[in-house]
Amino acid sequence: MRVVSFGFQTWGRKTLQALIDLDHDVVLAVTHPASEQSYKAIFSESVEELARQHAIPVHLTDRVDAETIELVRRAEPDVIVVNSWYTWMPPELYNLPPHGTLNLHDSLLPKFTGFSPVLWALISGETEFGLTVHRMDDGLDTGDILVQRALPIGPTDTGTELVLRGMDLIPGAVREALSALESGAPVWRPQDTAARTYYHKRSERDSLIDWNWPAADLERFVRALSDPYPRPFAFYRGERIEVLQARVSEARYGGTTGRVIVQEGGGAVVSGPEAFRGHNHALVITLVRSADGVEHSGDKFFARGGYLTSESASWPQAV
């Protein structure tokens, strides 16, 4: 098939590589210019580089404009394939090819439409995630589903591990989707709009730890924001620190929210919501990074006790 690829970062590159490996005729690769913006600089393998290695024409643009649409029109694709495209695509473009436009989205739609779906799935306690290939329409990740593949989320998985595992689904999903189109009898499944969930773009504020969350939620939060993503952070004695590893306490603790209470199993116990009731598990921080970039074990770093807060102007520290 004649294919135009729209993609960015490692997701877009792996999708383009799949199209090349399947011997489809990729007649144009459209991608964004390289960016140092927070999440755009993560998993930033170049689509442009791969396309040029294979003598595929490249169009660099931040958004779809008249020039982009005209270039696609001249390329006469049978289908457009999209993965990790950051800006709006008008109907004039996505309806242009005979087979329309396929978008790859790394969630099990209709859940987790929007941005950073794998991280949000882990944070929110889902037991599985996956990849969906759907037809693009005038909504955001709302079109009819053609292919969907699921993977489990394990009790120790990190966000990075899940993202990489999800990327491994791309070649097989692309093969299945384009084979279905070539067969002339693709089976489309409408999404259940009542089951749709939407998540916004993540920002620095979304990595700030809220000590009112239950310990189990905070433990997943720490695992979700694994390197190379911005790490979870809080403030301790006026210093911004990053929490790198944590677990749920074995015992239950009482006191006040955010208080470093005691040590347990090589880590520092930080009390959570409704700590005054004394019937909740707490978060045990086992590894932190201080503002100078040095990593410390939780038990040693928090040996003085005190409070972890969500603001740099913290509560008076215990002595």
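**View 1. Strand β10 and its antiparallel partner β11.** Strand β10 (residues 233-236) is joined to strand β11 (residues 239-253) by four bridges. Helices (H or I, at least four residues) and strands (E, at least two) are DSSP runs numbered from the N terminus, and two strands pair if DSSP finds at least two bridges between them. F233 has E242 of β11 as its bridge partner. Two residues lie between the strands of this hairpin, in which R237 takes a positive phi near 50°. The structure is a predicted model, in which local features need pLDDT of at least 70 and side-chain atom pairs count only at pLDDT 80 or more, whereas totals for chains, interfaces and linings use all residues. Residues are numbered from 1 along each chain as its sequence is written, and side-chain values use heavy atoms, with hydrogens and water left out.

**View 2. Strands β11 and β14, an antiparallel pair.** Eight bridges link β11 to β14 (residues 280-289). Y253 is paired with N280 of β14 as its bridge partner.

**View 3. The buried face of helix α3.** In helix α3 (residues 66-75), the buried residues are T68, I69, V72 and A75; buried denotes under 20% relative accessible area, exposed over 50%, and partly exposed in between (1.4 Å probe, protein chains only). Viewed down the axis of α3, these residues fall within an arc of 125°, so they line one face of the helix; the arc is that of the directions from the helix axis to the C-beta atoms. The exposed residues A66 and R74 are carried on the face turned away from the buried side. The buried residues pack against β1 (2-7), β2 (25-31), β3 (58-60), β4 (79-83) and α4 (91-94). Just after α3, E76 takes a positive phi of about 55°.

View 4. Neighbours within four places in sequence aside, L162 is in contact (heavy atoms within 4.5 Å) with V118, L122, F129, P152, I153 and D157. The C-alpha atoms of L162 and L119 are 8.3 Å apart, although 43 residues separate the two along the chain.

**View 5. The contact between domain 1 and domain 2.** The domain assignment, automatic or from a database, gives domain 1 (2-199) and domain 2 (204-309). The contact takes 19 residues from domain 1 and 14 residues from domain 2. Between them the domains bury about 1200 Å², 64% of it on carbon and sulfur atoms; buried area is the accessible area (1.4 Å probe) that two parts lose on being put together, summed over both. In domain 1, I42, I123 and T160 lose the most area to domain 2, together 38% of what that side buries.
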